[in-house]
Amino acid sequence: MWTNQIPNDILRFILHRLPRPEYLQLREVCPTWRTLIDTTSPASHQLLPWLSLDSDHLFFLKDGCFVPDHGKISTLVQSGRPRCVGSVQGWLIMHEYVDKNRYFFLNPITGGVTMLPSSPCMEKEKVVASSIPTRPEHCYVASLNLLSGRLAFCRLEDKSWTLIETFESESKSENALEFRDVEIAAGKLYAATSSALEFLMVFDIKLSGGVPSYTAERLAVCYTDDVGGRTLTNRLYFPTWFLVKDSESHELFLLLRMANVAQVTEGFQVLKLEECNSSGGARWVEIGDLGSRVFFVTMVNNKCISSERGDGGSDDKTLERNCIYFAFDWYSVETIVVEDFGVFSLTKRSVKPLNSPIDHTNRGAYDISVHWGSVVFSSS
């Protein structure tokens, strides 16, 4: 075959110039391409998240700009206009809410689909998963209603979702807790309320057995101010919490987004969860240097990747170390879309705006769904 006559360094140069979908699809061309791709580290731009706006606008970050996908991932555009509500290791979690009101995993490279139980329609939601659906013995899915703060979960074999009921006191005479964000780390489901500086709820979902069940732990957390005497009080107007995990180190972070009265982001503070060996609890420690980590944050999906991934051969200059990339949009009282895309540098303590990749003026109220897609896409 002609590919056997091309030097491997030339083939690798070609591979590093391709977008992530085409890079993975070339594995199906021939055994030579498959072996080469399986033994070659992706270029840094091929590991960057995707930004998905509503259900049919998909963009990559390239050299600090949004680059349209030009319809390469055609499986995202389906009947019923499903919206992306989460992702895990290359699989997108979709909600087709118009007609069938169904949830499903979608592999945007192969078009593979794994169905989930239906659920009452939520106007705004975030969904996280413990594993890809091809590992059903390790997979469960949790859905957070961002309007009511209610939380539910399901396993792949379940016929319905199980509501997680947690109250402010053990007597259950108080109101149910309203959660602001959720994340799965080391198999356990972490949920943050508006009192995330004081405690987290940790749920252990039982994956075996016929009846869905879980145990709950109230993890007391103390906040230690270790960075220059800064505090989280009296900073800016509208704080919002985000949980982010590092999948490689299994560390859990809490991001405080600080915005002004116009809902424009003016900065973030980053706290890392650490165990307290003496008390058995945990504490939040503020950090000012993410190292090689880069965070990507939206209302429905948060990611952590390393700016040092990929090998030589890529000229991509997109990722800045010690930064938080964010993408939000909101409706004001005048029903005008407020776009808030940018990069916050923890080093400079400043925000660099990013232009929105599309015109929002023609988008309907139910189209708003800003989502950072998966970092590494599945090839099977």
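## Basis of the description

A contact is counted where heavy atoms lie within 4.5 Å. Among the contacts in the chain with a separation of 6 or more, 53% are between residues 24 or more positions apart.

The structure is a predicted model, in which local features need pLDDT of at least 70 and side-chain atom pairs count only at pLDDT 80 or more, while totals for chains, interfaces and linings use all residues. Residues are numbered from 1 along each chain as its sequence is written, and side-chain values use heavy atoms, with hydrogens and water left out.

## The chain as a whole

The chain holds three helices and 25 strands. These elements are DSSP runs numbered from the N terminus, with helices (H or I) of at least four residues and strands (E) of at least two.

Of the 380 residues in the chain, 51% are buried; the term buried denotes under 20% relative accessible area, exposed over 50%, and partly exposed in between, with a 1.4 Å probe and protein chains only. The accessible surface of the chain, computed by the Shrake-Rupley method with a 1.4 Å probe, comes to about 17500 Å². Carbon and sulfur atoms contribute 51% of this surface.

Two strands are said to pair if DSSP finds at least two bridges between them. Strand β5 (residues 91–96) runs antiparallel to β6, and five bridges join them; here Met94 stands opposite Phe104 of β6.

On pairing with strand β7 (residues 113–116), β6 again takes the antiparallel sense, over four bridges. Leu106 stands opposite Val113 of β7. Strand β6 (residues 102–106) is mostly covered, since four of its five residues are buried.

## The sheet of β8 to β11

Four strands form an open sheet in the order β8-β9-β10-β11, with antiparallel pairing. The edges are β8 (125–129) and β11 (162–164); each has a single partner strand, so one side of each is left without a neighbour in the sheet. From one strand to the next the twist averages 25°, an angle between N-to-C directions on a scale from 0 to 180 degrees, with axes fitted as lines to C-alpha atoms.

Strand β10 (residues 151–155) is joined to β11 by three bridges in an antiparallel arrangement. Within this pair, Leu151 stands opposite Ile164 of β11.

## Cysteines

A disulfide is a pair of cysteine sulfur atoms within 2.5 Å, and by this rule the count is zero. For Cys154, the closest cysteine sulfur is that of Cys139, at 8.1 Å, which is too far for a bond. Cys154 is buried, at 0% relative accessibility. Cys323 is also buried, with a relative accessible area of 1%.
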